[in-house]
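This report describes the architecture of a two-chain model, from overall form to individual residues.

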Amino acid sequence: MASIDAAAAPATSETLARTREQIRRRDALKRTGLLTPALLIIVVFGIFPLFIVLFYSFLEAGAYGGVEWKFSIDAYVTFLFNRDLFDPSILHFSPSYLQIFARSFIVAGIATVICLLVGFPAAYFMATRPAKTRNLWLFLVTLPFWTNLLVRSFAMMLIIRDQGLINGFLMWIGAIQQPIVMLYTPFAVALGLLYAFLPFMVLPLYASLEKIDFRLVEAGFDLYATRGQVLRRIIIPLSRPGIIAGCILVFIPGLGAYITPALLGGGRDLMIGNLIAQQFGGSRNWPFGSAMALILMAVVLVFLMIYASVTGRQKVGHG
Amino acid sequence: MAELAPPPPFIASRRQRRMLDLTYQPGFRGVAYFCLFMLYAPIVVLVIYSFNANPSVTIWTEFGTNWYVKVAANQYIQNAAITSLKIAVVATIGATIAATAAALATTRTLPYRGLGTAYVIINLPLMVPEIVTAVATLSFFAMGRTLLGIDLGLANLMLAHMVFCIPFAYLPIRARLEDMDRTLEQAAADLYASPWHAFRRITLPLLTPGIVAGAMLAFITSIDDVTITTLVAGPGQTTLPIYIFGQIRRGITPETNAASTIMLAVSVLLVSLFFFLAQRRKK
């Protein structure tokens with residue numbers, strides 16, 4: 001820093017050390033003061049509540065919602081087992097909640113794969129436009145990301161309902177007599193997630209595709225590679241960080257999605273997010289809901305760690 | 001290969017031009033336009049049908065703004081909009097101030113241990129799934145109510161929103177601080193400006209576009225939130241998205257289309273402004 005050098009010029013080594021120490025202390029004071037408000041708000045109202053959830057997950061469910069202050073691992077047992085009706089000490093393995101988790105994984109996974117298949121060519125096309133058009137494309141892809149997810153899910157409902165646009169059109173041209181039931185199915189949820197999170201896929205892909213040195217592509221062509229080979233052997237390997245980042249950014253919110261499945265999914269095809277919300281609403285089993293939330297959180301953490309190890313520590317630099 | 005051949009005197013066809021384009025991949029253009037179509041078609045349909053005079057949501061008859069008139073006259077929607085605004089304004093102001101301070105602390109200080117941790121904490125609300133944050137916040141306030149008898153009313157929602165608005169406000173402000181030329185700040189220090197004076201007269205004016213951008217992102221994030229608000233909101237704390245959410249679940253009416261379109265318009269307006277500011281910043 002310039003201020004250290006300025007102070008250092010005429011000083012002896014002792015005063016120099018003292019001044020350095022002073023500057024360091026003042027800097028520490030400054031950053032503590034500046035960081036406190038943000039960290040305080042997030043730690044108290046964002047992180048501490050997560051520990052309450054951890055705590056709640058080891059309590060008994062209250063009869064009318066909330067919790068009883070008794071230690072119990074029932075919440076975690078319920079996840080995998082049913083208690084016998086006549087003898088509560090006998091446990092039967094019950095996969096129904098596991099199925100909900102599996103369904104969420106499959107639906108979010110399908111949405112992620114399709115997002116990648118559609119998003120990659122789109123991002124590549126964007127990244128190879130001239131600078132001006134590129135900004136317009138970026139704007140057009142980012143805009144839906146900032147519009148209300150609820151409104152967008154609702155718009156999707158209008159399109160795929162029985163009386164919606166797609167069925168209306170197909171019946172009008174006479175391709176079908178009965179509307180195809182799309183709304184309130186896992187298909188609708190996957191479509192909704194695809195629609196909702198497509199920008200999350202395109203943007204990181206674009207970021208890594210934009211950095212590709214096209215001299216490598218040229219070299220490939222010089223060595224008689226076909227366009228397909230260039231894509232497979234040069235472009236896709238170089239955009240790997242973007243592919244992984246995009247997939248994780250779509251998969252994580254898809255896995256815990258709440259609004260989209262609540263609107264587009266049927267009552268029978270719950271996803272994790274809805275299961276958790278239900279436990280804090282209608283079903284009123286807070287400890288069980290807390291346990292589910294923690295399991296979801298753990299899964300997400302694993303994916304985030306993969307993400308962090310792929311993108312590296314480049315973002316956590318100073319200044 | 002076409003690239004190796006000497007350039008032809010003129011390029012006759014689109015096909016030939018493609019052959020010469022290093023970056024061309026067959027079909028990618030089509031997919032890109034398909035993406036745009038997919039992203040915008042449902043929204044456009046929603047907006048068009050909100051101007052349908054007919055009470056049917058899917059049969060178009062004639063243009064009419066009667067549903068907007070109905071929305072404007074709806075007492076519930078008015079109240080919900082006011083609640084939304086109250087929460088968003090407080091959350092935005094709080095989050096922007098906290099985020100600006102945090103951005104200064106992570107860019108305008110000597111390197112220190114714990115910087116990485118601070119960075120992770122500030123961005124944590126983006127990483128925790130929304131539904132987990134929602135139930136955690138609900139449990140937190142419920143605990144406060146039962147154990148300590150504290151109920152802050154609408155401030156519950158304001159604080160909950162502030163948490164997830166901070167990272168959204170932080171990112172553009174930090175980006176701006178990193179892009180800013182530091183020589184002006186250093187010149188001020190050389191001319192014996194006190195740190196506060198230099199901040200007020202140099203850093204803050206230069207940082208303003210970043211702060212405005214951050215505040216806008218925070219505002220949009222707050223005003224659009226459904227998941228966390230649905231779970232945390234008590235009786236009488238219905239925000240506009242929560243009202244629409246309830247409406248959709250009860251059955252689709254054109255009034256919902258109109259209310260949704262209004263929400264859409266607010267986001268589009270703010271994001272366009274944000275982009276405009278960002279574009280100008282680069283020049």
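What share of the contacts in chain A with a separation of 6 or more comes from residues 24 or more positions apart? The share is 66% in this predicted model.

## Confidence of the prediction

The predicted model has an ipTM of 0.84 and a pTM of 0.85. For chain B the mean pLDDT is 85, and 93% of the residues of chain B reach 70 or more. Within chain B, helix α4 (residues 75–107) has the highest confidence, at 93, and helix α1 (residues 14–20) the lowest, at a mean of 72.

## Chain A: overall form

Chain A contains 14 helices and 4 strands. Its radius of gyration is 27 Å, whereas a compact globule of 319 residues would have a value near 20 Å. The C-alpha trace of chain A extends about 85 × 65 × 35 Å along its principal axes. Of the 319 residues in chain A, 40% count as buried.

The domain assignment divides chain A into domain 1 (1–40) and domain 2 (96–311). The centres of these two domains of chain A, taken over C-alpha atoms, are separated by 47 Å.

## Chain B: overall form

Chain B has 12 helices and 0 strands. Its radius of gyration is 25 Å, well over the 19 Å that the globule rule gives for 283 residues, so chain B is more spread out than a compact globule. Along the principal axes, the C-alpha trace of chain B spans about 85 × 70 × 30 Å. Buried residues account for 40% of the 283 residues in chain B. Of the contacts in chain B with a separation of 6 or more, 75% come from residues 24 or more positions apart.

For chain B, the domain assignment gives domain 1 (2–50) and domain 2 (68–282). Their centres, taken over C-alpha atoms, lie 37 Å apart. The contact between them involves 5 residues from domain 1 of chain B and 6 residues from domain 2 of chain B. On the domain 1 side, the contacting residues comprise 4 nonpolar, 1 polar and no charged residues.

## The interface between the chains

The contact between the chains draws 82 residues from chain A and 84 residues from chain B. On the chain A side, helix α2 (residues 13–56) gives the most, with 21 residues. By class, the residues of chain A that touch chain B are 59 nonpolar, 15 polar and 8 charged.

## Helix α6 of chain B

Helix α6 of chain B (residues 130–148) has 19 residues. From the first C-alpha to the last, this helix reaches 26 Å, close to the 27 Å expected at 1.5 Å a residue. The buried residues of α6(B) include Glu130(B), Ile131(B), Val132(B), Leu138(B), Phe140(B) and Phe141(B). Thr133(B), Thr137(B) and Ser139(B) are also among the buried residues of this helix.

Helix α6(B) is followed by Gly149(B), which has a positive phi near 70°.

## The surroundings of Ile160(A)

Ile160(A) belongs to helix α6 (residues 149–160) of chain A. Is this residue buried or exposed? Ile160(A) counts as buried because it has 23 C-beta neighbours inside 10 Å, where the cut-off for burial is 20 or more.

Apart from neighbours within four places in sequence, Ile160(A) is in contact with Ile166(A), Met182(A), Leu183(A), Ala188(A) and Leu191(A). For one of these contacts, that with Met182(A), the C-alpha atoms are 6.0 Å apart, while the residues are 22 positions apart in sequence.

## Two tyrosines with positive phi

Tyr184(A) is a residue other than glycine with a positive phi, near 65°. Tyr184(A) occupies the loop between α7 (165–172) and α8 (186–210) of chain A. With 19 other C-beta atoms within 10 Å, Tyr184(A) is partly exposed.

In chain B, Tyr192(B) has a positive phi of about 65° although it is not a glycine. This tyrosine, Tyr192(B), lies in the loop between α8 (183–190) and α9 (195–224) of chain B. Tyr192(B) is exposed, with 8 other C-beta atoms within 10 Å.

Notes:
Residues are numbered from 1 along each chain as its sequence is written. Chains are lettered from A and ligands numbered from 1 in the order in which they are written. This is a predicted model: local features need pLDDT of at least 70, side-chain atom pairs count only at pLDDT 80 or more; totals for chains, interfaces and linings use all residues. The radius of gyration is taken over C-alpha atoms; the globule rule is 2.2 Å times the number of residues to the power 0.38. A residue is buried if 20 or more other C-beta atoms lie within 10 Å of its own, exposed if 12 or fewer, and partly exposed in between; C-beta atoms are placed from the backbone. Two residues are in contact if their C-beta atoms, placed from the backbone, lie within 7 Å. Ala, Val, Leu, Ile, Met, Phe, Trp, Tyr, Cys and Pro count as nonpolar, Asp, Glu, Lys and Arg as charged, and the others, Gly among them, as polar. Domain bounds come from an automatic or database domain assignment. The expected span of a helix is 1.5 Å times one less than its number of residues. pLDDT is the predictor's confidence in each residue, from 0 to 100.
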